[in-house]
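Please open the model in your viewer and keep the selection panel at hand. The stops below go from one selection to the next, with a short account of what is there.

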Amino acid sequence: MKEYLLDVLQKTKFLNFTFRVYEWLKLANLRYLMPNITTWRKGSPDGLPLPPLKLIVLVSGVPSIAAFLIGGDKAAQNIRDLLVKNNLKIEEQSSILDFGCGCGRVIRYWHSLPNVNVHGSDYNPELINWCRKELKFAQFQTNQLEPPLAYPDESFDLIYALSVFTHLPEPLQFAWMQELCRVLKPKGHLLFSTHGEANFDLLTEIEKKQFKANQLVVRYEEVSGTNLCATFHPVQYIYEELAQGFDVVDFVFQGAYGNGKQDITLFQKSS
């Protein structure tokens, strides 16, 4: 029934509007009321401001402050662990970009990194405005749904994009891979998450055939960049299509902790 309604809305051009209304209605979910009040009273363990619920819903899909903090903490530790696994340390990166930073779910965990220039970019100006106001340790820029970014060539040692390529259609996948390659320093690293084999049972029969044929599966391309647009990546597609200009350093099935059942990939910019 859910898929049928979404298809109807898609055909009648009301999909984007309806999805925005749905996100706002989530804020009235009473089962999150008391846990949110408790978390607000305690405050964030890092001492940094907490985003308003309407921003948390935009980036996390759930009006839960606790889930926002726990997921961000897991994701930040996941980045550290994957880098260490590949003989890298986040403290040794002189410049970092959180591409698709939202309202600071992960970037807030870099506030105490010594001698590291921390940057965040997102296409939603409301999220960026909040980050600029509340997360003073980093610098933030608004980007469009399509490239370019507002950074010079070879600006960053490390770029990570969590739950970003999971919501983009194929033309934007390639465009952003090229753009992130441009702003990476020589031998710089790109870390990103994708929906993969663990989500196979969620696909329709037609989509399963596409996935098995190592083709990208994209749902609701007209709302690209939102949580409703869902993209699914076969492993072979990542290695053969997305890795143009990169060397594949690591791939971990369901390894993107703090981001649901997503895989995680580490690229290095080719020399």
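In this tour a residue is called buried when its relative accessible area is under 20%, exposed when it is over 50%, and partly exposed in between, with a 1.4 Å probe and protein chains only. The model is a predicted one, in which local features need pLDDT of at least 70 and side-chain atom pairs count only at pLDDT 80 or more, while totals for chains, interfaces and linings use all residues. Residues are numbered from 1 along each chain as its sequence is written, and side-chain values use heavy atoms, with hydrogens and water left out.

**First stop: a strand with both faces covered**

Select strand β9, residues 262–269; helices (H or I, at least four residues) and strands (E, at least two) are DSSP runs, numbered from the N terminus. Eight of the eight residues of β9 are buried, so the strand is largely enclosed by the rest of the structure. In a regular strand the side chains alternate between the two faces of the sheet.

Strand β5 pairs with β9 in the antiparallel sense over seven bridges, and here Leu190 has Phe267 of β9 as its bridge partner. Strand β8, residues 246–252, also pairs with β9 in the antiparallel sense, over six bridges, and Phe246 stands opposite Lys269.

**Second stop: aromatic rings**

Now show the rings of Phe, Tyr and Trp (for Trp, the six-membered ring), which pair if their centres lie within 6.5 Å; planes under 30 degrees apart count as stacked, over 60 as edge-to-face and the rest as tilted. The structure holds nine aromatic pairs. One of them joins Phe99 and Trp176 in a tilted arrangement, with 4.7 Å centre to centre and 45° between the planes. This pair links distant parts of the chain, for Phe99 is in strand β1 (residues 95–99) and Trp176 in helix α7 (residues 170–183), 77 residues apart. Phe99 is buried at a relative accessible area of 4%, and Trp176 is buried at 1%. Then select Phe165, Phe192, Phe246 and Phe267, which form one aromatic cluster.

**Third stop: salt bridges**

Finally, display the charged side chains, where a salt bridge is a side-chain nitrogen of Lys or Arg within 4 Å of a carboxyl oxygen of Asp or Glu. A search of the whole structure finds nine of these contacts. Asp157 and Lys185 meet in one of them, at 3.4 Å from N to O. Asp157 lies in strand β4 (residues 156–161) and Lys185 in strand β5 (residues 184–195), so the pair ties together parts that are 28 residues apart in sequence. Asp157 is buried at 17% relative accessibility, whereas Lys185 is partly exposed at 23%.

Move on to Glu207 and Arg219, whose side chains meet in a salt bridge at 2.8 Å, N to O. Glu207 lies in helix α8 and Arg219 in strand β6 (residues 217–219), so this pair ties together parts that are twelve residues apart in sequence. Both partners are buried, Glu207 at 11% and Arg219 at 14%.

Note on methods
Pairing = 2+ DSSP bridges.
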